[in-house]
Structures are given as structure tokens and as C-alpha cells.
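This note is meant for a colleague who is meeting the structure for the first time. The points below may be read with the sequence and model at hand.

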Amino acid sequence: MSRDAVPAETGGELKERLEAERAGLPFLVHRDGSQNQVVTPLAPDGPRLAVGRSEDADVRLDFDPEVSRLHAELERAGGEWLVVDDGLSSNGTFVGGERVVGRRRLQDGDAVRFGSTLVLFRAPGGTTTETLRAAGIPEASRVSETQKRVLIGLCRPFREDSEFATPATNKEIAAEVFLSVDAVKAHLRALFERFEVGELPQNKKRVRLAELAMRSGVVGPRDLRG
């Protein structure tokens, strides 16, 4: 898998991401040399973090030959996180395709490229339900009762603390909501479009839909315990 894009999570990785978001602190997400997800919390009172191939780096990207030993740094200033590249790297640091010269403030959802490795910056404290809805995620009131039941069934496996949780299958959802498998498929197709994940590969749609449903509040913890 290429590191040119941040890949969708597996079920266990999605759970790890959601737990990091619930902690309320900024964090980084990237793939290591084996394509495993790595989540790095950013402490509000922590020191400046070094990014690079060096074994002393706080965010170690030793699998990427395009990353310098000390490639860039992350620092907190005035309640914001900045990425700093004062000419430390040979191949540059990029945010949104633009090269960082000196310092650049990071915003929630920014993809930072060090060498050929993409690192996602998340600041969940600033990600409100309203922000998510503005990005195209529907309000709970705009999802039909049957669609919500299908979403709850899809997300049900995430009520447990298993790192191997994955979204429910169509057959499992059908058994829970007392619909045919074909009816579940039809509702999911509509939900894929409503949540704007219809263009994703088939194996990634379900995980992304479950993530958005839980992050936006359309499916809440009480729903999954019911």
C-alpha cells in the first residue's frame, strides 16, 4: 500500500482512532514500514517533538529513505500546534501540497508529508458535531428510523473493547433489524451516498460509514448498548 494517501482504518484501527479522539487531545496518525497504524498523542505540556529517521526521533520514520535523520519538528505555541522545518530536511515538509518554510500552524485534518510518508494531524477538541455536519454528514433527524437501525446494527460490534472489531455484515444487520439482506443492502447504498462515501472502494465504505455515524452522533453509545 502506498504511503501517498492516508488509508482507511480496519475495524481495530478505527477503534484506536475513536479512543484517541475521545481522549480530547491532539494526536498524529501514520503508517509504519509494515503498514500498521501508529497513533502518537501530543501532550499539551509536552516538549518539542522531533520527526525523522534518527533513533532518537519522537516520531520515527526510519522506514522512509526520503526522510532526513532530523527532518522537522512539532511544537506547541499559544494553544496551537506548529510544524517547523527551518531547512532541516533535504526533501522538504509539505502541508496540503504546500512546502513548509519556517513554521506553519496545523489545523484538524491536515495531512503533513515528510519525505514520502503522510501523517494525519487530528485535534478532536475542535471537531464538533456542527463541523462534521458542515462537511456533509447529515443530522440524526435527517436519517430515517429504519436507516438509523441499520447504522446501529452496522456499528454494534464497536460496543465491545475488542481491537479486532469490524462493522457487522449485511446478514448480521438483517437479523438484528428484521429486514431482508437485500433490503439492508439497499439502505446501506442510500447511506453510503448520504454520508458521501460512495466513491470509496467497497472494502473501505463500511468502516468509514461506521466511523462517521459514531463521530457525528447519529449513532451514540446508548444506541450500541441497547
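With the side chain of which residue does the side chain of R122 make a polar contact of 2.6 Å?

1. Basis. This is a predicted model, in which local features need pLDDT of at least 70, side-chain atom pairs count only at pLDDT 80 or more, and totals for chains, interfaces and linings use all residues. Residues are numbered from 1 along each chain as its sequence is written, and side-chain values use heavy atoms, with hydrogens and water left out.

2. R122. The residue asked about is D108, at 2.6 Å from the side chain of R122. A further polar contact, of 2.5 Å, links the side chains of R122 and E21. (A polar contact is a pair of N or O atoms within 3.5 Å; within protein, one must be able to donate a hydrogen and the other to accept it, and residues adjacent in sequence count only if both atoms are side-chain atoms.) R122 belongs to strand β11, residues 117–122. R122 counts as buried because its relative accessibility is 4%; buried means under 20% relative accessible area, with a 1.4 Å probe and protein chains only.

3. Strand β3. Strands are DSSP runs of E of at least two residues, and helices are runs of H or I of at least four, numbered from the N terminus. In β3 (residues 49–52), L49 and V51 point one way, A50 and G52 point the other way, and all are buried. In a regular strand the side chains alternate between the two faces of the sheet.

4. Partners of β3. Strands pair if DSSP finds at least two bridges between them. β3 runs antiparallel to β5 (residues 72–77), with three bridges, and V51 has A72 as its bridge partner there. β3 runs parallel to β4 (residues 59–60), with two bridges; here G52 is partnered by R60.

5. Nonpolar cores. A nonpolar core is a set of buried Ala, Val, Leu, Ile, Met, Phe, Trp, Tyr and Cys residues joined through side-chain atoms within 4.5 Å. The largest has 29 residues, of which L151, I173, L188, L191, L209 and M214 touch the most other members. Helices α1, α3, α4, α5 and α6 each supply at least two residues of this core, and α6 gives the largest share, six residues. A second, separate core of 20 residues includes L42, V51, W81 and F121.

6. Aromatic ring. R113 lies over the face of F94, at 4.5 Å from the ring centre. (The criterion is CZ of Arg or NZ of Lys within 6 Å of the ring centre and within 35 degrees of the ring normal.)

Key
Buried < 20%, exposed > 50% of the residue type's maximum accessible area, 1.4 Å probe, protein only.
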